[in-house]
Amino acid sequence: MTSSLLDGHGLFQRRYFHEREYIRGLAHADQRPRALFIGCSDSRVVPEYLTSAGFGELFVLRNIANFVPALEHTDASVGAAIDYALGSLEVPDIIVCGHYGCGGVKAALDDLGPLRERHPSLHEWLEGVAPAARRGLAAGDDPDAVWRRGVEENVIQALENLITYDVVREKLEAGTVHLHAWIYDLYQTRIRVLDVEREGFVDASEIQRDG
């Protein structure tokens, strides 16, 4: 497997031959990403592919179920990335992007007890995801509808938790950062965006038309 990945690196070097000087230039300049992108670790959801972002355009944070814990959470890795992205890199936008078909959200909807002994770290992480994900149960008896709603609720909760970080709150008050909630629809290969006025997620193309 690693051999094929190294072969892929060779393809990368050939594919981006004409951009080599630009890429090397990034190494000597301070990075200035356009956004902090908080997404799921799912191998099918690759931020740069979904957005056609180039080198240096996104500061990416990925974890199980694109979870953003509140500031008081014991895990500091997410907070460290937020502090650096806003405090040092001064990104103007934060995007939290979940996805339909998220295994982490599905697990959080189920009984987490069996994970406690076998995978204690995963159990602890998903305990943080569970309260928002389980609000999806309000969608009714259809398991797929509950799962989709759980994904949406988890992204909305992430935005609320972001505001517990001082640097986010201060920059929101100053108008120098904007928060965005996205969901990638694996099945339709489309991004859906939270529209506050419509109180729900709509196809990104609708936001673009309105803009």
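Hi everyone, two notes before we start. This is a predicted model, so local features need pLDDT of at least 70 and side-chain atom pairs count only at pLDDT 80 or more, while totals for chains, interfaces and linings use all residues. Residues are numbered from 1 along each chain as its sequence is written, and side-chain values use heavy atoms, with hydrogens and water left out.

Let's begin inside. A nonpolar core here is a set of buried Ala, Val, Leu, Ile, Met, Phe, Trp, Tyr and Cys residues joined through side-chain atoms within 4.5 Å. Buried means under 20% relative accessible area, exposed means over 50%, and partly exposed is in between, using a 1.4 Å probe and protein chains only. The largest nonpolar core holds 43 residues, and L36, I82, L86 and L162 have the most contacts inside it. Helix α8, residues 143-162, gives the most to this core, with seven residues. Helices (H or I, at least four residues) and strands (E, at least two) are DSSP runs, numbered from the N terminus.

What does L162 touch, not counting residues up to four places away in sequence? Its partners are I38, V68, I82, I94, V96, V168 and L179. A second, separate core has 13 residues, including F37, I95, W182 and A204.

Two of those names come back in the aromatic pairs. Rings of Phe, Tyr and Trp (its six-membered ring) pair if their centres lie within 6.5 Å; planes under 30 degrees apart count as stacked, over 60 as edge-to-face and the rest as tilted. The whole structure has three such pairs. F37 and W182 make an edge-to-face one, 6.3 Å centre to centre with 80° between the planes. F37 sits in strand β1 (residues 35-40) and W182 in strand β4, 145 residues apart, and the pair links these distant parts of the chain. Both F37 and W182 are buried.

Another edge-to-face pair is F67 with W125, at 5.0 Å centre to centre and 90° between the planes. F67 lies in the loop between β2 (58-63) and α4 (77-88) and W125 in helix α7 (residues 120-133), so this pair ties together parts 58 residues apart in sequence. F67 is buried, with a relative accessible area of 6%, and W125 is buried at 14%.

Now look at H99 in strand β3, residues 93-99. Is H99 buried or exposed? H99 is buried, because its relative accessible area is 1%. Leaving aside neighbours within four places in sequence, H99 has contacts (heavy atoms within 4.5 Å) that include C40, D42, R44 and Y184.

Finally, the pockets. On a 1 Å grid over the protein atoms alone, a pocket is an open set of points where a 1.4 Å probe fits, with protein on both sides within 12 Å along at least five of seven lines; lining residues have an atom within 4 Å of a point. The largest pocket has a volume of about 490 Å³. Of its 20 lining residues, E48, A53, G54, F55 and G56 are the closest to its centre. Helix α1 gives the most to this lining, with four residues.

The second largest pocket contains about 240 Å³ of space. Among its 14 lining residues, the closest to the centre are I156, L159, A181, L194 and V196. Here α8 provides the largest share of the lining, five residues.

Methods. Points joined across faces, edges and corners; volume = space filled by probe spheres on them.
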